[in-house]
Amino acid sequence: SKRHRGSASVADSCAMVLPEGTDSDRELDTLRLAVKNLQDLGEKLRDKLQAPRAKSFIQDIVRSLDPETNPAGYRICQDESLRVGGASTLIETVGKVNSDLVRSLALEALARMMFGNAKVAEAVLQSYELLPMMRMVFSNGSTPEQLTALQLAQVMAASEVEQSHAFALLQEAKGFLQDNKGFAP
């Protein structure tokens, strides 16, 4: 029987298991092209006119990493995104692009890239660019960016990586929450 979206109970939601995500490489070319196109934008990301292009490329990345839109291959895409430099490209995008929406999408893509994939999460956590980028978002980002950064920190905390790698980032998130920046009491 078909279920209507939203009709699942909380118990059903808790019992859901992610698909394996290793059966299809159908989205790999889309992912590779999107990462390459984003890399090619480079310094042009500072130009506000490039934000729509960057947004389109990041949306392609997010779709390839999403278990709902790519259930048969999202894990393959997680590994490939790391291999082709997706993490550093997304981190650099957050630091360069002049658009709250695009920065939030890049943070979401990073979270999806690491979600449930300890190897990718470990590599991203070791990126020397990650902590300064997260500090910038927590201190100067818009509220949607900060919320997405908190989701990214949550993914890192839940990952099966050496927790000492995630400690500094979680300290940033903790400081942000304690300061209550951008949120009403």
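Here are a few friendly notes on the salt bridges in this predicted model.

1. The points below pick out some of them.

2. Take Arg 63 and Asp 60, whose side chains form a salt bridge with an N to O distance of 2.4 Å. Both residues sit in helix H3 (residues 51-65), and because they are 3 residues apart there, about one helical turn separates them. Arg 63 is partly exposed, at 42% relative accessible area.

3. Asp 79 and Lys 119 make another salt bridge, with 3.7 Å between the closest N and O atoms. Asp 79 belongs to helix H4 (residues 74-83) and Lys 119 to helix H7 (residues 118-125), so this pair ties together parts that lie 40 residues apart in sequence. As for accessibility, Asp 79 is partly exposed with a relative accessible area of 31%, while Lys 119 is exposed at 54%.

4. Arg 103 pairs with Glu 145 in a salt bridge whose closest N and O atoms are 2.6 Å apart. Here too distant parts of the chain are linked: Arg 103 is in helix H6 (residues 100-114) and Glu 145 in helix H9 (residues 143-158), 42 residues apart. Arg 103 counts as buried, with a relative accessibility of 13%, and Glu 145 is buried as well, at 1%.

Key. Residues are numbered from 1 along each chain as its sequence is written. This is a predicted model: local features need pLDDT of at least 70, side-chain atom pairs count only at pLDDT 80 or more; totals for chains, interfaces and linings use all residues. Side-chain values use heavy atoms; hydrogens and water are left out. A salt bridge is a side-chain nitrogen of Lys or Arg within 4 Å of a carboxyl oxygen of Asp or Glu. Helices (H or I, at least four residues) and strands (E, at least two) are DSSP runs, numbered from the N terminus. Buried means under 20% relative accessible area, exposed over 50%, partly exposed in between (1.4 Å probe, protein chains only).
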